[in-house]
Amino acid sequence: MPYFHVDAFAQRPFAGNPAGVCPLPAWLPAAQMQQIAAENNLAETAFIVPRTGAEYDIRWFTPAVEIDLCGHATLASAHVLFTHLDFAGEQVVFHSQSGPLHVSREADGRLTLDFPSRPPQEMATHPTGLTDALHATPLRVLAARDLLVTFNTEAEVLALKPDYARIAALEYVGVIATAPGTDGVDFVSRFFAPRVGVPEDPVTGSAHSTLIPFWAEKLGKTELRARQISPRGGDLWCRLRGDRVDISGYAVTYAKGEISVGKEAEAVGSADTGGVQ
């Protein structure tokens, strides 16, 4: 089967967030897709299956589990279609467990994700063990799919040295740490998700479904620049649109080739849809 390795939210190789992309004629068994994702050992591997015209189904797997929403691997999948698979349109629709996700190609080469907004809610009490897990005390703790913890400065977020075992024990997909940005960036973040096999994610599109509504309200504006300050780093252009968010970034292909997993890879079928709507 064809395979692409794409650095998403990056304008050069070795930056942004690497994702695997596997275009398929129909779904492989979920267990086999999980094995492929574990073998790739990237934060996420996306599998895409064509519907009709400009529509595809998409599923995402970390090395450990299938997840319900992933931004950078969706961006990478659109990049593969636009760049390598002769997709002629300017917008592709991916159908996922989080509903339909539109990706548009902009004139400057950026790709824009149309994602659901997931505003966080303030927590009255901090989850047990959070401070010990972060080795730091956040200003505020909020929750959506992920925990959102805020700090005063970018330097505090950069200095975090979390205890991944304790982070994994928290009953959330991941922990987003954020603070105001500098040098024209509205906010910065880091994302820790050892619970799903990703200790620190380099650049996390889905986390910005929560970060964008939080910072839009806090800063009183709907268009924002963001930077994820992981060791690889990545830049995002963001917009709040009611109950949706736009997340834009660049992507570059690092490698392309084929995956060989034996005769069993030919046993594709449509019975295993994984709840994709």
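1. A word on labels before you start: helices here are DSSP runs of at least four residues and strands are runs of at least two, both numbered from the N terminus. Keep in mind too that this is a predicted model.

2. H1 covers residues 30-40, and its buried residues are Gln32, Met33, Gln34, Ile36, Ala37 and Asn40. An α-helix has 3.6 residues a turn, so residues three or four places apart point the same way. Which strands do the buried residues of H1 pack against? They pack against S1 (2-8), S2 (17-23), S3 (44-50), S4 (55-61) and S5 (66-67). Just after H1 comes asparagine 41, with a positive phi of about 55°.

3. Threonine 45 has 0% relative accessibility, so it counts as buried, the limit being under 20%. Its side chain makes a polar contact of 3.0 Å with the side chain of asparagine 40, one of the buried residues of H1. Setting aside neighbours within four places in sequence, threonine 45 is in contact with Gly20, Cys22, Ala37, Asn40, Arg59, Trp60 and Phe61.

4. Phenylalanine 4 belongs to strand S1 and is buried, with a relative accessible area of 7%. Have a look at histidine 84 while you're there: it is 80 residues from phenylalanine 4 along the chain, yet their C-alpha atoms are separated by 9.3 Å. Not counting residues up to four places away in sequence, phenylalanine 4 touches Ala19, Gly20, Val21, Pro23, Val80, His84, Leu85, Ala255 and Lys256.

5. Phenylalanine 9 is not a glycine, but its phi is positive, at about 60°. This residue is in the loop between S1 and S2 and counts as buried at 3% relative accessibility. Aspartate 183, also not a glycine, has a positive phi near 55°. Its place is in the loop between strand S12 (175-180) and S13. Is aspartate 183 buried or exposed? At 75% relative accessibility, aspartate 183 counts as exposed.

6. Now for the rings. Counting Phe, Tyr and Trp rings whose centres lie within 6.5 Å, there are 8 aromatic pairs. In one of them, tyrosine 56 and phenylalanine 94, the centres are 6.3 Å apart and the planes are at 50°, so the pair is tilted. Tyrosine 56 is in strand S4 and phenylalanine 94 in strand S6 (residues 91-96), so the pair ties together parts that are 38 residues apart in sequence. Both ends have their relative accessibility on record here: tyrosine 56 counts as buried at 14%, and phenylalanine 94 counts as buried at 0%.

7. Next, phenylalanine 187 and tryptophan 215. Their ring centres are 5.7 Å apart and their planes at 5°, so this pair is stacked. Phenylalanine 187 lies in strand S13 (residues 187-193) and tryptophan 215 in helix H6 (residues 208-219), so parts that are 28 residues apart in sequence are tied together by the pair. Both residues are buried. Ring pairs also bring in Phe214, giving a cluster of Phe187, Phe214 and Trp215.

8. Arginine 59 lies over the face of tryptophan 27, 5.1 Å from the ring centre. The charged end of arginine 110 sits over the ring of tryptophan 237, at 4.6 Å from its centre.

9. Aspartate 114 is buried, with a relative accessible area of 17%. Which side chains make polar contacts of 2.9 Å with that of aspartate 114? One is arginine 241, and another is arginine 244. Beyond its neighbours within four places in sequence, aspartate 114 is in contact with Leu101, His102, Arg241, Arg244, Val245 and Asp246.

10. How many cavities of 30 Å³ or more does a search of the whole structure find? The search finds 2. The largest cavity holds about 110 Å³ of space. Its lining has 16 residues, with Glu44, Ile67, Phe191, Thr204 and Ser206 nearest the centre. Helix H2 (71-84), S13 and strand S14 (198-201) are the elements that give two or more residues to this lining.

Definitions and conventions: Residues numbered from 1 in each chain as written. Predicted model: local features only at pLDDT ≥ 70, side-chain atom pairs only at ≥ 80, totals over all residues. Heavy atoms only, no water. Buried < 20%, exposed > 50% of the residue type's maximum accessible area, 1.4 Å probe, protein only. Polar contact = N/O pair within 3.5 Å; in protein donor to acceptor, adjacent residues only side chain to side chain. Contact = heavy atoms within 4.5 Å. Phe/Tyr/Trp six-rings, centres within 6.5 Å; stacked < 30°, edge-to-face > 60°. Lys NZ or Arg CZ within 6 Å of the ring centre and 35° of its normal. 1 Å grid on protein atoms, 1.4 Å probe; cavity = no way out; pocket = protein on both sides within 12 Å on 5 of 7 lines; lining within 4 Å. Points joined across faces, edges and corners; volume = space filled by probe spheres on them.
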